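Visitor: Hi! Could you walk me through a model I just opened?

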Amino acid sequence: MSLQIDNIDPASGMQGDEVTLTGTLLRAQTLRWGDEEWDDTFWEGGVAGDGATEITFQVPPGEGTVQIVAMNGNEKSNTMEFTYE
């Protein structure tokens with residue numbers, strides 16, 4: 001099953017806000033937030049009630065709109081966007 005981000009909640013906010021990605025993310029080893037790449041020590045994960053996987057983390061400092069991609073080795077998910085307010 002390939003990596004897939006189905007939803008980002010919220011899709012905009014400020015540094016320190018909590019963001020949750022939902023989708024097929026159980027095998028995600030790293031998460032790319034703009035130009036930064038994080039391993040799984042930077043987020044909390046779990047299985048949602050509908051069987052989807054959730055990744056929750058705090059928004060780092062930044063501005064504008066950033067691209068978010070979940071990765072496992074060379075495998076990449078689709079891209080979602082987060083916009084700083």
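Visitor: How many of E3's residues are buried?
Guide: In E3, 5 of the 7 residues are buried, so the strand is mostly covered; buried means under 20% relative accessible area with a 1.4 Å probe, protein chains only. Strands are DSSP runs of at least two residues, numbered from the N terminus.

Visitor: What kind of model is it?
Guide: A predicted one, where local features need pLDDT of at least 70, side-chain atom pairs count only at pLDDT 80 or more, and totals for chains, interfaces and linings use all residues. Residues are numbered from 1 along each chain as its sequence is written, and side-chain values use heavy atoms, leaving out hydrogens and water.

Visitor: In what sense do E3 and E7 pair?
Guide: Antiparallel, over 6 bridges, with E7 spanning residues 53-58. Pairing needs at least two DSSP bridges between the strands. Threonine 22 has glutamate 54 in E7 as its bridge partner.

Visitor: And E1 with E3?
Guide: Those two are also antiparallel, over 5 bridges, and isoleucine 8 sits opposite leucine 21.

Visitor: Is threonine 20 buried or exposed?
Guide: Buried, at 17% relative accessible area. Threonine 20 belongs to E3, residues 18-24.

Visitor: What does the side chain of threonine 20 make a polar contact with?
Guide: The side chain of threonine 56, at 3.2 Å. A polar contact is an N or O pair within 3.5 Å; within protein, one atom must be able to donate a hydrogen and the other to accept it, and sequence-adjacent residues count only if both are side-chain atoms.

Visitor: New topic: which residues does a cis peptide bond join?
Guide: Aspartate 9 and proline 10, with omega about -5°. Proline 10 lies in the loop between E1 (4-9) and E2 (12-13).

Notes
Helix = DSSP H or I, 4+ residues; strand = E, 2+ residues; numbered from the N terminus. Buried < 20%, exposed > 50% of the residue type's maximum accessible area, 1.4 Å probe, protein only.
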